[in-house]
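Thanks for coming. I will take a few minutes on one model, so please have a look at it first.

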Amino acid sequence: MMKINDVSKLTGLPISTLRFYERKNLIPDTFVKRDANNYRIYTEEIVEFLEDVKALLSVGFSVEELSLLVNQELNLSYEVKKKIVEQKIEEIEDIQKRLKKSKNFLQATLEGKANFQTKC
């Protein structure tokens, strides 16, 4: 069991961010308990969970979207959660297509094959 300072150090997330995630119901109760003094006590598994959260945020999920996926109190159906994930996959694939097109254009520019004003 760890205190919030420990979790902050291990994940690189500020304490304020951890508290924000809790307020947004992004951290499931299974990872957080309260001790006799009402201090937060975290399980060891919270570190891996928060690393996953950071990865998902980096690919475009919002805190609100992630909260919908993990908040047990909302009782969202599997189908609703699946739809959220599928939509995000489509968004990522669209970004990948745009990036590939940009990369191809830049490569053509380097090779002098692009219709571009400046030769590299």
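Predicted model: local features only at pLDDT ≥ 70, side-chain atom pairs only at ≥ 80, totals over all residues.

Residues are numbered from 1 along each chain as its sequence is written, and side-chain values use heavy atoms, with hydrogens and water left out.

The core comes first. By nonpolar core I mean a set of buried Ala, Val, Leu, Ile, Met, Phe, Trp, Tyr and Cys residues joined through side-chain atoms within 4.5 Å; buried is under 20% relative accessible area, exposed over 50%, and partly exposed in between, with a 1.4 Å probe and protein chains only. The largest such core has 22 residues, and those with the most contacts inside it include Val 7, Tyr 21, Ile 46 and Phe 49. At least two core residues come from each of H1 (4–11), H2 (15–23), H3 (46–58) and H4 (63–70). H3 gives the largest share, 5 residues. Helices here are DSSP runs of H or I, at least four residues, numbered from the N terminus.

What does Phe 49 touch, beyond residues up to four places away in sequence? Its partners are Leu 26, Ile 27, Pro 28, Phe 31 and Val 70, where contact means heavy atoms within 4.5 Å.

Now the helix pairs. Axes are lines fitted to C-alpha atoms over the stretch in contact, and angles run from 0 to 180 degrees between N-to-C directions. H1 and H2 cross at roughly 105 degrees, their axes coming within 9 Å. They are therefore roughly perpendicular, the word for 65 to 115 degrees; under 35 is roughly parallel, over 145 roughly antiparallel, and the rest oblique. On the H1 side Ile 4, Asn 5, Val 7 and Ser 8 meet Ile 15, Leu 18 and Arg 19 of H2.

H1 and H3 pack at about 50 degrees with axes 10 Å apart, and are therefore oblique to each other. Here Val 7, Leu 10 and Thr 11 of H1 meet Ile 46, Val 47, Leu 50, Glu 51 and Lys 54 of H3.

Last, Thr 11, which lies in H1. Is Thr 11 buried or exposed? Thr 11 is buried, because its relative accessible area is 4%. Leaving aside neighbours within four places in sequence, Thr 11 contacts Val 47, Leu 50, Glu 51 and Lys 54. Thr 11 and Lys 54 are 43 residues apart in sequence, and 9.2 Å apart in space, C-alpha to C-alpha.
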